[in-house]
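Hi there,

Here is the structure I promised to pass on to you. Have a look at it first, and then read my notes below.

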Amino acid sequence: MNLSLILQMAAEAGPDMIGLVCDGRRWTYGELWRAAIGAAEMITQSGCGHVALLDENSEAAAIALFGAALAGIPYVPLNYRLADADLASLVARIAPAYIVGDADRVQRLGHHAEHVVLTRPTFVAEAETLGEAAAEPPEADEPIAVQLFTSGTTAAPKAAVLRHANLLSYILGTVEFMSAGEDEAALVSVPPYHIAGIAALLSSIYAMRRILLLPAFDPDAWLALAAAEHATNAFVVPTMLSRIIARIDEGAKPDLGSLRAIAYGGGRMPAEMIDRALSLFPDTGFTNAYGLTETSSTIALLGPDEHRVAHRAGDPAVRARLGSVGRPLPTIELEIRDDEGRPLPAGERGEIYVRGDQVSGEYKERSALDAEGWFPTRDAGWLDAEGYLFLTGRADDVIVRGGENISPGEIEDVLLTHPAVAEVAAVGVPSVEWGEAVGVALVVKPGCAAPSETELRTLVRDRLRSSRVPERIVVRDALPYNEMGKLLRREVRKLFQA
Amino acid sequence: MKPGTKLKSAVCDTEVMVIKGGAAMVSCGGAPMVDTRPAELLAIDPAFAAGSKIGKRYVDAAGTVELLCVKPGRGSLSLDGVALSTKDAKPLPSSD
């Protein structure tokens with residue numbers, strides 16, 4: 001199996017159809033396919049062991065992804081937002097690499113002589129030229145398609161590997177070939193180094209839905225591109241949606257009449273925000289997608305009809321589903337298990353385990369799959385009676401106070417009901433008495449006075465149990481998030497070290 | 001037929017990827033499918049000339065084989081002389 005099949009089929013079925021629009025250039029599936037073949041030839045000749053992308057989103061991401069697949073070399077898109085030292089250590093882990101993108105930066109990181117480095121324009125131009133004449137290479141044996149360094153919210157980045165078989169299973173299991181209408185266009189604004197950025201390319205090309213690639217997210221650029229190219233679909237992370245809504249609230253009046261579907265994922269979506277979005281875009285279908293890098297993207301989703309039903313529901317259990325991530329895909333098995341790995345019934349919190357062909361659960365150093373092929377996601381959650389999945393945080397984020405497991409989410413949810421609290425994070429802080437105690441960092445809403453510690457503690461004590469009452473409370477101007485809107489709990493913990 | 005294996009028609013341009021196979025032997029246009037297409041194509045059996053469609057999944061009634069058509073052609077797919085039918089996909093909302 002080889003991922004290149006996806007682009008090859010699109011180029012076979014519609015060689016002259018526009019497949020990708022970026023920076024004003026319109027690429028047909030045929031042109032992308034020829035460029036991928038040209039890129040494969042350059043990559044093979046380089047003798048490198050990995051193909052890396054160190055760049056914002058562009059056609060080069062698609063050409064490098066498929067070119068690497070054709071050449072049988074793992075593709076490793078890198079997070080260009082990392083600090084030099086962090087980036088340098090990742091680049092060292094994939095040497096010698098064929099690196100496309102920011103050549104100056106690679107030089108600055110040192111050891112550049114080990115690698116083959118091309119700027120984006122050179123790579124794209126040479127791939128196109130070579131692709132005119134190059135023959136399609138024979139199918140490669142390499143099983144690894146993509147290697148992604150995890151964002152490392154709890155520890156050093158791990159190298160997650162996704163096999164061709166994982167990614168192809170995901171696409172073939174969730175997308176019907178050429179199912180998009182001719183007018184359909186998907187606005188892609190997630191970075192190329194995120195699993196959602198890779199899945200977006202694969203899904204849209206297989207559906208033959210034109211991709212509108214935004215080099216880097218900015219709410220005004222997003223709104224302008226959506227209007228100018230009549231985007232029908234978009235995927236956003238919660239932070240992006242919040243910034244888009246903020247621009248509209250500030251008076252931006254974009255024409256989003258063509259936008260039929262917005263999918264979101266990659267982080268926790270606050271209930272007020274999705275409520276607001278549903279009211280602001282009454283004719284748009286919303287889909288909440290839950291997935292991990294290690295699962296080749298989506299494993300559970302809450303579809304458009306379920307959103308509208310929950311949005312209008314009077315029944316609190318149905319209404320609550322707006323805060324769920326929906327139900328597992330038909331191709332995925334999902335269980336909630338306790339600390340000993342025993343399956344738990346509906347309603348009980350535990351760790352989410354998944355199994356399926358799209359699930360890799362594999363890192364460069366080791367596989368995390370158990371003997372039966374189940375992947376412990378380290379995400380904590382529970383299922384309701386109808387099989388809707390609710391996330392409660394990372395299993396590693398659980399605060400263990402005197403032997404009692406405390407989920408940060410339950411404390412955060414209570415504190416967020418305080419009218420002056422804008423954002424909150426609960427973490428475990430060292431405690432002589434309890435081993436760990438609850439520490440809370442919070443951001444106060446603009447124009448509000450910070451609530452007293454007593455007031456906050458009383459709120460938690462009244463709604464939860466005394467063990468949940470925060471021992472330490474700090475107020476900050478902002479909480480630390482990564483660029484995808486994921487709360488960096490290890491950074492929050494540092495706030496209590498002083 | 002191992003999943004992921006690509007098979008070619010001996011009578012036309014059809015190419016399939018095996019999703020599920022087992023020991024079954026599939027035909028296209030009436031002739032067994034092969035790893036390497038012969039230099040000279042065989043004659044197509046008119047009983048199996050309805051054509052194959054790119055992107056469609058083909059299955060037998062018993063569910064022993066599933067093929068994804070990756071290149072279309074004039075021949076139609078069969079198993080033991082019985083034409084394969086296309087599998088209806090359950091549409092999912094796009095989540096990417």
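Let's start with a pair of helices: in chain A, helix 7 passes helix 8 in a right-handed crossing. Please keep in mind that this is a predicted model. Helix 7 covers residues 164–174 of chain A and helix 8 covers residues 195–207 of chain A; they pack at an angle of about 50°, and their axes are 10 Å apart. That angle makes helix 7 of chain A oblique to helix 8 of chain A.

Which residues make the contact? On helix 7 of chain A they are Leu167(A), Tyr170(A), Ile171(A) and Leu172(A), and on helix 8 of chain A they are Ile195(A), Ala199(A), Leu202(A), Ser203(A) and Tyr206(A). Sorted by class, this contact has eight nonpolar residues, one polar residue and no charged ones.

Next, the sheet. Chain A has an open sheet of nine strands, in the order 2-1-10-9-11-12-13-14-15, with mixed pairing. Strand 2 (25–28) and strand 15 (327–328) of chain A each have a single partner strand, so they stand at the edges with one side left without a neighbour in the sheet. Strand 1 of chain A (residues 18–22) runs antiparallel to strand 2 of chain A, and four bridges join them. You can find Ile18(A) opposite Thr28(A) of strand 2 of chain A.

Finally, the aromatic rings: five aromatic pairs turn up over all chains. In one of them, Tyr98(A) and Phe123(A) have ring centres 6.2 Å apart and planes at 65°, so the pair is edge-to-face. Tyr98(A) belongs to strand 5 (residues 97–101) of chain A and Phe123(A) to helix 6 (residues 120–133) of chain A, so this pair ties together parts 25 residues apart in sequence.

Enjoy exploring!

Note on methods: Residues numbered from 1 in each chain as written. Chains lettered and ligands numbered in written order. Predicted model: local features only at pLDDT ≥ 70, side-chain atom pairs only at ≥ 80, totals over all residues. Heavy atoms only, no water. Pairing = 2+ DSSP bridges. Helix = DSSP H or I, 4+ residues; strand = E, 2+ residues; numbered from the N terminus. Axes fitted to C-alpha atoms, helices over the stretch in contact; angles between N-to-C directions. Parallel < 35°, antiparallel > 145°, perpendicular 65-115°, else oblique. Left-handed = near helix turned anticlockwise from the far one by under 90°. Contact = heavy atoms within 4.5 Å. Nonpolar A, V, L, I, M, F, W, Y, C, P; charged D, E, K, R; others polar. Phe/Tyr/Trp six-rings, centres within 6.5 Å; stacked < 30°, edge-to-face > 60°.
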